[in-house]
Amino acid sequence: MSTPAARSRQSEDGRIRSSSSSPSGSETAAKRLTDDLLVEILSRVPTKSLCRFKCVSKHWLGLTNDRNYRRKLPQTLTGFYQGNHLVDSALPFTNVSGSRHLTYPAFLSNRRRVKVMDCCNVLLLCSSYVAGDHGDEFRYIVCNPATEEWAEFPYCGYSGLSAVSPHFHVFLLPAAGMEDQHGVCLTGVYVYSSETGSCVHKEKRWSRSIVVANDRSTIYLNGYLHFCAIVDGSAGCLAAVDKEGGARTNFRVPGLDVGFIQLSQGCLHYAGFDTDDDNVVRLLVYVLKDYDRKEWILKHSVETSHLLGGRHIDYLDEDFDWIAIHPECDLILFVVAQEDITFMCYDMDSGQVNVLCNLEDSQQAYFPYVPLYEELQSLHK
């Protein structure tokens, strides 16, 4: 694709005009807008609308891709960084169309065994090893792949990331030395703040036993890091930890198999599987429209046979894995691992199922990524 500069020219009034622009006498009102004013208008529309506006003309598409303007515009999901896989010189990336490639962020140049651990609000949380005076030292890295800015700090334990511009917090949740059959039991919380540049350790301040459930996704919302948990041996809980280390455990989720928590269109979503009275397995998606009332509303239901494109899976907990619910629309992305390992998507609005690509490893984690081209003071190169 050519760059905006290659297919545009600068006019006397400072507006970038397409070489195919019609004469000024026949221009529409939109074409008479300066680029700065047009971008200001586009920056105020929802992300889904901006995606449609890219199709208006080549000039509008060029504006949304221009490096000087795109930092002002809302961005949407572009793809997924691959986690649970240590690489020496690259981070694997799969875009929403299914094509895959390697990315080479600047901070990788002097690091070994880099692993993506979480992604939140445009930032990646990675772990890596760097050479130290006493051998390799483990480090956490928070980076913005779009601008290649980054910051690092020492390792503390199990982690989750929250990012709220212009600062971010990393929640490090250390676990006990032993694991039970459900997961790892938490003993407290470390919270690293980019605003203070320090990591504060809070001993366990809650009176109940909290175990991280098999669904390791974390969601930052309303000042709390949310994650699925088993509380005092009771499954179906959603634990929430604030930046001071306090925890809330009176939050229940629907009783579903292979449950999955996500943030989509500004609301918490919880998806999973249930078997009805006719022994039919269905995918159910619940939404929490009123966070304070904590009432889950059934949003969508579909037979698993349709979701999987006619395939039959005996063991969903082994052969099915969630990837994401799209942050801006009703699209579910997931992996089915049978003879082939297939990356698929399901549109809840249209009921359409599509295969995006085939994968080599079903055990990889995939972290949704939305780019941010604005520079953050909390990160440095």
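Searching the whole structure turns up 0 disulfides (a disulfide being a pair of cysteine sulfur atoms within 2.5 Å). Cys120 is in no disulfide, and the nearest cysteine sulfur, that of Cys119, sits 7.4 Å away. Keep in mind that this is a predicted model: local features need pLDDT of at least 70, side-chain atom pairs count only at pLDDT 80 or more, and totals for chains, interfaces and linings use all residues. Residues are numbered from 1 along each chain as its sequence is written, and side-chain values use heavy atoms, with hydrogens and water left out.

**Cysteine burial**

- Cys120 counts as buried at 10% relative accessibility (buried means under 20% relative accessible area, exposed over 50%, partly exposed in between, with a 1.4 Å probe and protein chains only).
- Cys267 also counts as buried, at 18%.

**The open sheet**

- Four strands line up as β21-β22-β23-β24 in an open, antiparallel sheet (strands are DSSP runs of E, at least two residues, numbered from the N terminus; two of them pair if DSSP finds at least two bridges between them).
- At the edges are β21 (257-264) and β24 (297-303), each pairing on one side only.
- Neighbouring strands in this sheet are turned by 20° against each other on average, direction ignored (axes are lines fitted to C-alpha atoms, and angles run from 0 to 180 degrees between N-to-C directions).
- Inside the sheet, β22 (residues 267-275) and β23 (residues 281-288) pair in the antiparallel sense over 8 bridges.
- His269 has Val287 of β23 as its bridge partner.

**Salt bridges**

- The count comes to 3 salt bridges (a side-chain nitrogen of Lys or Arg within 4 Å of a carboxyl oxygen of Asp or Glu).
- Glu303 pairs with Arg282, their closest N and O atoms being 3.9 Å apart. Glu303 is in strand β24 and Arg282 in strand β23, so this pair ties together parts that are 21 residues apart in sequence.
- Both ends of that pair are partly exposed: Glu303 at 35% and Arg282 at 24%.
- Glu295 and Arg293 meet through their side chains at 3.3 Å, N to O. Here Glu295 is partly exposed at 42%, while Arg293 is exposed at 55%.
- Asp330 forms a salt bridge with Lys299, with the closest N and O atoms 2.6 Å apart. This one links distant parts of the chain, 31 residues apart: Asp330 is in the loop between β25 (320-325) and β26 (331-337), and Lys299 is in strand β24.
- Asp330 is buried at 14%, whereas Lys299 is partly exposed at 32%.
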